[in-house]
Amino acid sequence: MPDHDQSDGVREADRVVPLRRRAGGRDRPLDAVIVGGGAIGLACAWRAAERGLRVRVLEREEPGAGASGVAAGMLAPVGEVSWGEEPGLRIALASASAWPGFADELEAAAEMDTGYARLGALHVALDRDEAAELRRRFDLLRSLGLPAEWLRPSACRELEPGLSPSCAAGIRADGEAAVDPGLLVRCLQAAAERAGAEVVVHAEVIAAQIAADVLVGVRTADGHEHRAKSVVLASGAWSGAATWLPSSARPPVRPVKGQVVVARGSRKEPVCERIVASERVYLVPRADGRLIIGATVEERGFDTQVTAGGVLELLREAYRALPDIAELELVESVAGLRPATPDNLPLIGPGGLDGLVLATGHWRNGILLAPITADAIAGLLSGEKPSPEVAAASPERLGLEAGLLAPVPEEVPR
Ligand code: GLY
């Protein structure tokens, strides 16, 4: 019998294993349980707690154990835009412009650094075919009114002297930035907890609590019940595999594997100063001397094995762009899972089941879209209407009907 099934006559909502009573405001009913403690879930928790809502994050492993722990942290709406994906651009640009203020507020709240840096980006072509493709991309950027400049090879090498002599052209996008997702997750957890949110680790959700067709909470593997007015699904690539939800309520999110290589060199003389991207690879320098080289795009289900072929491709393409990477220390190679949707747009808002709110499906842009997602979800949990910027991310577009928020439960585990 599936965990959400109510046919045994004992509803999940009645199987209460009380948590210990907590002090202070923690006796209040929960406004939201957030399933998933990555950048998205923690950002939602922080922004909601800042508004005075009582929220609890349930993380199956450790904070940032999913895609956030592997992400390069590019805040690159210009670099990520693609043909036919203009609706997502509006959301991406809105979130990119929110990032500087978000980073400032977060760093002040957490008293830690996020690694946010406005590095700028240089997209390069490394032969004539790639130059023709890059020019097509440049025309797309211009048609969308995006700030980008076409550069000749000499101008590219003036900006990045380590570029290969085979560099054939470039696009300069000075507004692009990056953040260190490892630091970001630590900051978000600290800020969320300081604002009053609870972050529970090693808490695997195994059952939905459904009463009169409304999702009123979840049960974790340790037997605890977490009842709340809303359940926010922020489980990234695992969102579509949330078997604790009725199948009709599970969002169409699938995992797309990305392998990443981390190298390290001199902090004072990095191999590049800005994000350098070619057709098949991107390189993101960190202030501590690391260089993140990413990423493969592979449809392999939940497989996260690092392969020789994946690493070979990344290093070969990185070397074609910046030959000096051959001198760097090889630190690690890792693989993560992007949460992809059928139209590559995120799912932000109520959907699937009354009481369920989606904050997932961020595809290649989870870190970039954290601020706008968090503000939208915190607003929604506070009873506000969705902002026009996130309208394109409404779950309704994929047939996931907008649900009502559940009434605040009278009996809440403490
Ligand atoms: N945002 C880059 C990637 O998903 O690889």
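Asp303 is partly exposed in this predicted model, with a relative accessible area of 28%. Its side chain meets that of Lys257 in a salt bridge, at 2.9 Å from N to O. The two residues sit in distant parts of the chain, 46 residues apart: Lys257 belongs to strand 12, and Asp303 to the loop between strand 15 and helix 7. Lys257 has a relative accessibility of 0% and so counts as buried.

**Salt bridges**

- The count of salt bridges comes to 29.
- Side chains of opposite charge can pair when their charged atoms come close.
- How exposed are the two partners, Arg254 and Glu299? Arg254 is partly exposed, at 33% relative accessible area. Glu299 reaches 53%, and the cut-off for exposed is over 50%, so Glu299 counts as exposed.
- Arg300 and Glu298 meet through their side chains in another salt bridge, at 3.0 Å from N to O. Glu298 has 13% relative accessibility; buried means under 20%, so Glu298 falls in the buried class.

**Domains**

- The protein is divided into domain 1 (29-119 + 176-253 + 342-414) and domain 2 (120-175 + 255-340).
- Their C-alpha centres lie 28 Å apart. The contact takes 32 residues from domain 1 and 36 residues from domain 2.

**Second largest pocket**

- The volume of the second largest pocket is about 860 Å³.
- Its lining has 44 residues. Gly79, Glu80, Val81, Arg137 and Arg364 lie nearest the centre of the pocket.
- Which domains supply the lining? Domain 1 and domain 2 each give at least three residues to the second largest pocket.
- Several elements each supply at least two lining residues: helix 2 (77-80), helix 3 (86-110), strand 4 (121-125), helix 4 (128-143) and strand 13 (275-277). Helix 3 gives the most, with five residues.
- By residue class, the pocket lining divides into 23 nonpolar, eleven polar and ten charged residues.

**Cavity**

- One cavity of 30 Å³ or more is present in the structure.
- The largest cavity has a volume of about 70 Å³.
- The residues that line the largest cavity are Gly265, Ser266, Pro270, Val271, Cys272, Pro285, Arg286, Gly289, Arg290, Leu291 and Leu328.
- This cavity lining divides into six nonpolar, three polar and two charged residues.

**Backbone details**

- Most residues other than glycine have a negative phi, and most peptide bonds are trans. The following entries depart from that pattern.
- The peptide bond from Gly294 to Ala295 is cis, with omega near -20°. Ala295 is found in the loop between strand 15 and helix 7.
- His202 is not a glycine, but has a positive phi of about 50°. The residue lies in the loop between strand 8 (198-200) and strand 9 (205-211). His202 has a relative accessible area of 54% and is therefore exposed.
- Asp213, also not a glycine, has a positive phi of about 65°. Asp213 is in the loop between strand 9 and strand 10 (214-220). At a relative accessible area of 61%, Asp213 is exposed.

**A buried loop residue**

- Is Leu245 buried or exposed? Leu245 has a relative accessible area of 0%, so the residue is buried.
- Leu245 is placed in the loop between strand 11 (225-233) and strand 12 (254-264).
- Leu245 and Arg128 are 117 residues apart along the chain, and their C-alpha atoms are separated by 50 Å.

Terms used: Residues numbered from 1 in each chain as written. Predicted model: local features only at pLDDT ≥ 70, side-chain atom pairs only at ≥ 80, totals over all residues. Heavy atoms only, no water. Helix = DSSP H or I, 4+ residues; strand = E, 2+ residues; numbered from the N terminus. Buried < 20%, exposed > 50% of the residue type's maximum accessible area, 1.4 Å probe, protein only. Salt bridge = Lys/Arg side-chain N within 4 Å of Asp/Glu carboxyl O. 1 Å grid on protein atoms, 1.4 Å probe; cavity = no way out; pocket = protein on both sides within 12 Å on 5 of 7 lines; lining within 4 Å. Points joined across faces, edges and corners; volume = space filled by probe spheres on them. Nonpolar A, V, L, I, M, F, W, Y, C, P; charged D, E, K, R; others polar. Domains from an automatic or database assignment. Contact = heavy atoms within 4.5 Å.
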